Amino acid sequence: MVTRNPVTWLGSPKFPDAARTALANTQLRSNLRKATGTIRGRRASAVAEMTDWEELRLAGEALKDEVLTNLDVYLERLEKSVTERGGVVHWARDAAEANEIVLRLVRETGADEVVKVKSMATAEIGLNEALEAGGVTAIETDLAELIVQLGHDRPSHILVPAIHRNRSEIREIFQREMPDVPEGLTDEPRVLAEAARAHLRRKFLSARVAISGANFAVADTGSIVVLESEGNGRMCLTLPETLITVMGIEKLVPTWADLEVFLQLLPRSSTAERMNPYTSVWTGVTPGDGPQAFHLVLLDNGRTSTLADTVGRQALRCIRCSACLNVCPVYERTGGESYGSVYPGPIGAILTPQLVNDPHDQQAASLPFASSLCGACYEVCPVRINIPEVLTHLRATSVSARGRTPESIAMAAAAWVFSSPSRYERAQRLASFARLLGRNGRITRLPGPGAAWTSSRDLPVPPKQSFRAWWKENRG
Ligand code: SF4
């Protein structure tokens with residue numbers, strides 16, 4: 001039996017349908033416009049301070065490509081380094097295998113509650129749901145993740161999962177769902193953060209197991225790196241007895257010197273900060289200091305098949321900074337949930353279909369079309385992923401997987417017409433009959449197979465006389 005890859009959410013509609021619903025939500029659009037507009041401006045100023053930004057981007061791209069080309073070598077090096085320093089490495093082919101490993105490891109400790117550091121990899125595999133099904137409660141400790149979790153909601157941004165919520169909505173969620181919510185809670189950001197801090201403090205002190213993702217892993221030394229802004233992650237990484245890290249196999253850097261490039265690229269691209277507020281690094285276990293058991297779960301889940309695609313593999317360079325989301329005109333209007341995946345925005349449009357790796361999955365196959373191809377995402381990407389190039393490449397894959405459709409037949413007919421001047425002229429004469437369908441200079445609904453074309457766009461009414469006919473009459 002083929003199990004579903006939870007990187008896309010079960011029951012999500014295709015992007016155009018989800019986007020239509022989202023566009024009708026004016027509150028969502030206003031929340032997003034405000035948030036992305038602010039962070040866009042701040043990022044641009046933070047990047048403008050760096051005179052060598054382009055060189056850093058080129059270095060980031062080259063390093064990631066070097067890792068992807070020799071992934072097997074670096075992964076084995078990482079496994080050896082982690083093991084030598086007292087950690088245990090586990091290999092997971094897919095989400096189900098990774099979830100099974102983590103659940104078994106948690107059960108072995110006897111714990112029924114774990115604290116979590118914000119992690120895209122664990123969201124990608126649906127770990128929280130898998131743990132819950134196995135009788136283990138996972139508590140998100142990142143403030144935005146906590147808001148999403150308490151609101152029984154879905155994340156809509158890589159970095160700020162609750163970007164679609166404003167502060168009065170957050171207050172309402174806390175009041176409704178937080179068991180120990182303080183009396184007289186207001187919607188002041190400081191008050192909301194304080195309520196979350198008090199709620200989480202008890203969890204940090206009682207948790208025996210923590211689960212994290214990883215931003216980077218240094219193959220040479222087996223060191224794992226997590227970057228975060230609040231410090232809650234650091235509590236999880238130091239207080240519990242057991243630490244389990246789930247990491248995509250592409251997150252490697254060869255050496256500490258290489259890490260330095262990404263520690264410059266990531267904060268400015270994601271939060272517009274010159275330096276990351278909390279950078280936690282750990283290497284295996286250290287007796288008497290920090291977690292005494294460390295497990296690293298190396299996750300494939302569609303990455304090796306992505307690597308096999310020579311155009312699409314550049315998506316694996318992604319360092320999840322979210323800069324591409326914040327500049328994307330489509331994301332700004334539709335929000336993250338429309339993408340139906342833990343990876344929204346431009347990176348989601350190219351990464352999700354590749355991880356799903358099923359050209360017949362209609363929802364995932366619709367994602368490469370969720371773009372205006374304006375190229376803003378490519379311009380801001382700190383590791384120079386040519387997102388428009390991958391989008392068009394995946395569009396072609398998706399179209400050929402669909403086989404013959406009314407649209408492909410129409411396109412083939414158009415190619416036949418355009419290849420002959422006399423056919424083209426006759427077609428123009430025929431097209432002038434379409435004037436009968438127009439009103440106020442526009443055709444809003446074509447009959448038959450043309451209906452799909454006009455379902456999301458209008459057509460200008462064809463002119464009474466074509467340019468060719470005019471030329472023949474006046475100058476010919
Ligand atoms: S694709 Fe580039 S800009 Fe987008 S999240 Fe990844 S690294 Fe950042």
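Which residues form a nonpolar patch on the surface? In this predicted model, the patch consists of Leu 205, Met 235 and Leu 239, which together have about 300 Å² of accessible area. Met 235 is part of helix α11, spanning residues 232-238. Its relative accessibility is 34%, so Met 235 counts as partly exposed, a class that lies between buried, under 20%, and exposed, over 50%.

An open sheet is formed by six strands, arranged in the order β1-β10-β7-β4-β2-β3 with parallel pairing. At its edges are β1 (88-92) and β3 (137-140), each of which pairs on one side only. On average, and with direction ignored, neighbouring strands of this sheet are turned by 25 degrees against each other. Strands of a sheet pair through backbone hydrogen bonds, either parallel or antiparallel. Lys 116 stands opposite Glu 140, a residue of β3.

Helices also contact the sheet. Helix α4, covering residues 71-84, packs on the sheet and touches β1, β7 (242-248) and β10 (293-299). The direction of α4 makes about 145 degrees with that of β1. Helix α5 (residues 95-109) lies across β1, β2, β4 (209-212), β7 and β10. Relative to β1, helix α5 runs at about 145 degrees.

How values were computed:
Residues are numbered from 1 along each chain as its sequence is written. This is a predicted model: local features need pLDDT of at least 70, side-chain atom pairs count only at pLDDT 80 or more; totals for chains, interfaces and linings use all residues. Side-chain values use heavy atoms; hydrogens and water are left out. Patches are made of residues with over 30% relative accessible area and no salt bridge: like charges are joined within 9 Å, nonpolar side chains (Val, Leu, Ile, Met, Phe, Trp, Tyr) within 5 Å. Accessible areas come from the Shrake-Rupley method with a 1.4 Å probe; for residues, only the protein chains shown count as cover. A salt bridge is a side-chain nitrogen of Lys or Arg within 4 Å of a carboxyl oxygen of Asp or Glu. Helices (H or I, at least four residues) and strands (E, at least two) are DSSP runs, numbered from the N terminus. Buried means under 20% relative accessible area, exposed over 50%, partly exposed in between (1.4 Å probe, protein chains only). Two strands pair if DSSP finds at least two bridges between them. Axes are lines fitted to C-alpha atoms, for helices over the stretch in contact, and angles run from 0 to 180 degrees between N-to-C directions. Contact means heavy atoms within 4.5 Å.
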